[in-house]
Amino acid sequence: MADRINEGYTITDSIQVGETEFVFGKRDGKIPMYVTWACKGGDNYYWGHYFSDLLEAKKDLLVRANEELEYQIERRARAAEKQPQEPDKECER
């Protein structure tokens with residue numbers, strides 16, 4: 001599998017949450033050295049957060065993915081609340 005590269009950053013880590021992938025990129029010799037992006041379709045990178053500190057960049061990757069995960073969980077719960085409840089079969093007698 002070929003390396004994924006965007007704006008000179010090599011993508012080394014990713015977390016898929018629903019339709020959105022959150023990626024971590026690194027480039028040598030230039031500052032900022034690290035970036036996280038949201039990504040759709042494997043090549044549509046957007047909302048870049050740039051860092052000089054490795055741990056801060058890794059933390060940002062996890063925070064962004066977690067925020068999307070929480071949003072998806074909440075969205076699913078709201079959708080479930082809107083669904084009509086099926087009557088309990090034992091109560092139908």
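Predicted model: local features only at pLDDT ≥ 70, side-chain atom pairs only at ≥ 80, totals over all residues.
**Entry 1: Val-17.** I skipped its neighbours within four places in sequence and listed what remained in contact. Val-17 touches Phe-22, Ala-65, Glu-68, Leu-69 and Gln-72.

**Entry 2: the largest core.** Next I asked which residues make up the largest nonpolar core. I found nine. Val-17 is one of them, along with Phe-22, Phe-24, Tyr-34, Ala-38, Phe-51, Ala-57, Leu-61 and Ala-65. Helix 1 gives the most, with three residues. I also noted a second, separate core. That one has seven residues, among them Tyr-9, Ile-11, Trp-37 and Tyr-45. A reminder to myself: in soluble globular proteins, nonpolar side chains tend to be buried together.

**Entry 3: salt bridges.** How many salt bridges does the structure hold? I count four. I looked at three of these, one by one.

**Entry 4: Glu-21 and Arg-4.** The side chains of Glu-21 and Arg-4 meet in a salt bridge, at 2.9 Å from N to O. Glu-21 sits in strand 3, and Arg-4 sits in the segment before strand 1 (5-6), so the pair ties together parts that are 17 residues apart in sequence. Is Glu-21 buried or exposed? Its relative accessible area is 9%. Buried means under 20%, so Glu-21 counts as buried. Arg-4 has a relative accessible area of 22% and is partly exposed.

**Entry 5: Lys-58 and Asp-13.** Here the side chains of Lys-58 and Asp-13 form a salt bridge, at 2.5 Å from N to O. Why does this pair tie together parts that are 45 residues apart in sequence? Because Lys-58 lies in helix 1 and Asp-13 lies in strand 2 (residues 9-17). Lys-58 is partly exposed, at 29% relative accessible area. Asp-13 is partly exposed too, at 28%.

**Entry 6: Glu-74 and Arg-78.** This salt bridge has its closest N and O atoms 3.4 Å apart. Arg-78 has 38% relative accessibility and counts as partly exposed.

**Entry 7: looking back.** Side chains of opposite charge can pair when their charged atoms come close. Helix 1 kept coming up in my notes. Lys-58, the partner of Asp-13, lies in helix 1.

Methods:
Residues numbered from 1 in each chain as written. Heavy atoms only, no water. Core = buried A, V, L, I, M, F, W, Y, C linked by side-chain atoms within 4.5 Å. Buried < 20%, exposed > 50% of the residue type's maximum accessible area, 1.4 Å probe, protein only. Helix = DSSP H or I, 4+ residues; strand = E, 2+ residues; numbered from the N terminus. Contact = heavy atoms within 4.5 Å.
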